[in-house]
Amino acid sequence: MSHTGLMQESVEALLKQDRDYLWHHLTQHKVFQTNEPLVMVEGQGLILKDIRGREYLDATSGGVWCVNVGYGRDSIADAVCAQLKKMPYYAGTAGNIPTIQFARKVISLLPRLGKVFFSNSGSEANEKAFKMVRQYFRLKYKDKDKYKILYRNRDYHGTTLAALSATGQQERKESYGPFLEGFVEFPHACCYRCPVAKTYPGCSIECALALEAMIQREGPDTVGAIIVEPITAGGGIIAPVKEYYPLLQKICRKYEVLMIMDEVVCGFGRTGKMFGYEHFDVDPDMVTMAKGMASAYMPLSATVVKNDVFDVFLNDPADKMAYFRDISTYGGCAGACAAALESTRIIEEEHLCENSRVVGDYLLGCLKELRAFPIVGDVRGRGLFAGIEFVEDRKTKQPVSEPFLMSIIKGIADQGVLVGRTNRSLPGLNNIINLAPALVATRADIDRIVLAIRNAIAKVSS
Ligand SMILES: Cc1ncc(COP(=O)(O)O)c(C=O)c1O
């Protein structure tokens with residue numbers, strides 16, 4: 001028997017079948033001619049075990065920042081099981097008990113918003129938001145068409161074609177165009193690489209002011225919404241300065257442009273508050289969420305809107321087209337909402353937002369000490385969400401090469417710690433390691449993660 005309870009024979013057979021049949025996400029399969037695929041088998045807390053019985057401390061919450069409450073939560077599995085036995089499914093044209101209860105929970109967490117539309121993935125939640133924006137303005141105005149969506153450079157909003165059209169990461173988009181008409185990019189808000197070559201606080205937050213010029217150039221009567229990640233995730237862990245969102249909001253209100261806040265990564269405690277935008281003085285019209293909602297025990301996402309938005313869809317039933325004509329077969333299915341209710345109960349009862357904030361501050365403090373290494377250009381983050389940007393030269397900020405970054409990541413993995421990185425996102429800027437351990441992480445977990453990173457950096461620096 002192997003360490004994971006599988007017969008050695010079946011380990012080899014499964015690894016072969018992985019190579020023979022499975023197409024992995026975001027992977028060049030040629031590597032499997034020389035390397036074995038990674039097959040994960042079980043987890044508890046932050047610890048994962050692979051098919052060969054090797055243990056890892058997962059500092060990524062499942063690779064893509066979603067297992068917020070950690071692995072091995074029997075109470076979530078039990079809640080899903082009980083619901084599936086009672087009733088697995090009926091379409092979202094009807095309510096079901098966990099879905100009603102979780103919608104009420106979401107609105108209790110976001111009391112300025114009023115209605116929750118469920119779907120299955122972050123991409124889909126953003127697609128719904130774009131459709132809602134277009135139809136909202138078409139219901140509201142007959143004499144103008146506010147259909148354009150403005151998105152920010154370096155932000156990611158999903159893999160489906162409209163969500164990818166709204167993504168400011170060139171490497172994600174490469175080879176998949178043409179993209180949809182009506183999606184336009186505005187500058188990012190990363191002070192370390194200021195898009196307008198200014199230095200905070202000596203600037204006037206020109207990166208935010210650029211939005212106004214863009215709306216004017218596109219024509220205010222054609223712009224329906226902007227979409228932003230409160231803290232950019234895959235584009236390099238970027239929290240804008242505090243003045244940024246109030247300025248964006250002011251510009252949006254001036255031109256009646258809705259603000260969509262993509263909380264797919266930041267939502268449900270990742271940044272030390274339940275939602276990432278709560279760090280800022282901003283009041284979005286629509287909020288999308290996924291990943292940490294059900295801690296990835298089940299797939300679930302939502303597009304949550306203000307009643308002002310929803311009310312425009314309340315029309316005479318005789319008008320066959322004047323309601324939101326969208327359906328998602330699995331969106332808000334009962335088992336996923338049961339998982340989300342239990343995951344959110346755990347986040348609240350175990351004070352995991354607080355833990356994310358406190359242990360996250362400790363993490364950031366430890367990472368800042370790594371700036372003693374000249375290749376550490378910038379360290380940034382909020383809560384249990386942090387990034388380390390590596391450069392060849394601190395003055396020029398020339399990013400390290402991808403193979404060099406990979407050698408650091410391998411050095412970390414060799415010590416049994418899994419970290420993430422900017423991956424196929426921005427040309428030349430795949431030089432950032434990111435960390436997002438489960439929100440139950442302790443200082444001891446952080447010490448182990450940081451020591452592994454320190455050792456790996458020391459190795460490549462010697
Ligand atoms: C900010 C953000 N929005 C949307 C998505 C898309 O979510 P999904 O992969 O569930 O479609 C992601 C995925 O990583 C994301 O990081």
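This is a predicted model: local features need pLDDT of at least 70, side-chain atom pairs count only at pLDDT 80 or more; totals for chains, interfaces and linings use all residues.

User: Why are Glu354 and Arg357 separated by about one helical turn?

Analyst: An α-helix has 3.6 residues a turn, so residues three or four places apart point the same way. Here, Glu354 and Arg357 sit three residues apart in helix α12 (residues 352-369), which means about one helical turn between them. Glu354 is partly exposed at 41% relative accessibility, and Arg357 is partly exposed too, at 37%.

User: Which parts does the pair Lys254 and Glu212 tie together?

Analyst: Their side chains meet in a salt bridge, 2.6 Å from N to O. Lys254 belongs to helix α9 (residues 244-254) and Glu212 to helix α8 (residues 206-218), so the pair ties together parts 42 residues apart in sequence. Lys254 is exposed, at 57% relative accessible area.

User: And Asp283, is that buried or exposed?

Analyst: Buried, with a relative accessible area of 13%. Its side chain meets that of Arg253 in a salt bridge (3.3 Å, N to O). Salt bridges with shared partners join Arg112, Arg253, Asp283 and Lys306 into one network.

User: How do I read the buried residues of α14?

Analyst: Look down the helix axis and see where they point. The buried residues include Ile446, Ile449, Val450 and Ile453. The buried residues of α14 fall within an arc of 155°, so they line one face of the helix. The face turned away from that buried side carries exposed Ala444 and Lys459.

Technical notes. Residues are numbered from 1 along each chain as its sequence is written. Side-chain values use heavy atoms; hydrogens and water are left out. Buried means under 20% relative accessible area, exposed over 50%, partly exposed in between (1.4 Å probe, protein chains only). Helices (H or I, at least four residues) and strands (E, at least two) are DSSP runs, numbered from the N terminus. The arc is that of the directions from the helix axis to the C-beta atoms. A salt bridge is a side-chain nitrogen of Lys or Arg within 4 Å of a carboxyl oxygen of Asp or Glu.
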